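Here is a short report on one protein chain. It begins with confidence and then moves through fold, core and aromatic pairs.

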Amino acid sequence: EINIMENKKTYKFDNGVLTVYSNYDVKYYCMYNNINLEDFNEPVTISDNVKSCEYMFQNCYSFNQHIIIPHGVWNCAHMFHNCFSFNQEIIIPDSVLDCSFMFYGCKSFDKEVRLSNNMKSNKRMFEGTAVNKHKNNL
């Protein structure tokens, strides 16, 4: 019997840092290590080979680590969806085209975001954040 999930596991955990090679690796890491996704709060490095960060940290309620989005990533939609504790400054590289719902539900988020000049979609990017209390939705 082949375990399909095992074949897709590509992350590496070394010296207290999780390196991810796909947008699903955080979920795989938590699943294989019996960590509740909502409790995940480890430092993460996103590999330069990643092209999509879509849903990468979705429902990691406790996650609040500095993240560098590599140049070459084109999709950050829902990246931090419902990361209630997330509150880090972030730079979105010019390669990113979609940031729809990127910080949706990040209740603590109120940091500055440097946006991509090439962004095509940022629909409801800050909905449900502390930023949303002061700005209209994008």
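## Confidence

Residues are numbered from 1 along each chain as its sequence is written, and side-chain values use heavy atoms, with hydrogens and water left out.

The chain average is a pLDDT of 89, and 88% of the residues score at least 70. Confidence is lowest in helix H1 (residues 4-8), with a mean of 51. It is highest in strand S3 (residues 44-46), at 98. Residues 1-5 have a pLDDT below 50. Beyond near neighbours in sequence, residues 1-5 have four contacts in the model. Where pLDDT is low, the predicted coordinates should not be read in detail.

## Overall layout

The chain has two helices and five strands. These are DSSP runs, numbered from the N terminus: helices are H or I with at least four residues, strands are E with at least two. From the N terminus on, the order is α-β-β-α-β-β-β.

Of the 138 residues, 43% count as buried. Buried means under 20% relative accessible area, exposed means over 50%, and partly exposed lies in between (1.4 Å probe, protein chains only). Among contacts between residues at least 6 apart in sequence, 25% join residues at least 24 apart.

## Strand pairing

Strands S1 (residues 12-14) and S2 run antiparallel and are joined by three bridges. Two strands pair if DSSP finds at least two bridges between them. Asp14 stands opposite Val17 in S2. The S1 and S2 hairpin has two residues between the strands. In this hairpin, Asn15 takes a positive phi near 50 degrees.

S2 also pairs with S3, in the parallel sense, again over three bridges. Here Thr19 has Thr45 in S3 as its bridge partner. S2, H2 and S3 make a right-handed β-α-β unit. Right-handed means that, with the strands pointing away from the viewer, the path from the first strand over the helix to the second runs clockwise.

Val20 lies in strand S2 (residues 17-20). Its relative accessibility is 0%, so Val20 counts as buried. Val20 and Val44 are 24 residues apart in sequence, yet 7.2 Å apart in space, C-alpha to C-alpha. Leaving out residues up to four places away in sequence, Val20 touches Asp25, Val26, Val44, Thr45, Ile46, Ser47, Val50 and Met56.

The largest nonpolar core has 37 residues. Such a core is a set of buried Ala, Val, Leu, Ile, Met, Phe, Trp, Tyr and Cys residues joined through side-chain atoms within 4.5 Å. Phe57, Met79, Phe80, Met102 and Phe103 touch the most other members. S2, helix H2 (25-32) and S3 each supply at least two residues of this core. H2 gives the most, with four residues. Beyond neighbours within four places in sequence, Phe57 has contacts that include Val26, Phe40, Val44, Met79 and Phe80.

## Aromatic pairs

Rings of Phe, Tyr and Trp (its six-membered ring) pair if their centres lie within 6.5 Å; planes under 30 degrees apart count as stacked, over 60 as edge-to-face and the rest as tilted. By this rule there are 18 aromatic pairs. Phe13 and Tyr29 have ring centres 5.4 Å apart and planes at 25 degrees, so the pair is stacked. This pair links distant parts of the chain: Phe13 is in strand S1, Tyr29 is in helix H2, and they are 16 residues apart. Phe13 is partly exposed, with a relative accessible area of 38%. Tyr29 is buried, at 6%.

Tyr28 and Tyr32 form a tilted pair, 6.5 Å centre to centre with 45 degrees between the planes. These two are separated by about one helical turn, because they lie four residues apart in helix H2. Tyr28 is buried, with a relative accessible area of 8%, whereas Tyr32 is partly exposed, at 25%. One aromatic cluster includes Phe13, Tyr29, Phe57, Phe80 and Phe103.

Technical notes: Predicted model: local features only at pLDDT ≥ 70, side-chain atom pairs only at ≥ 80, totals over all residues. pLDDT = per-residue confidence, 0-100. Contact = heavy atoms within 4.5 Å.
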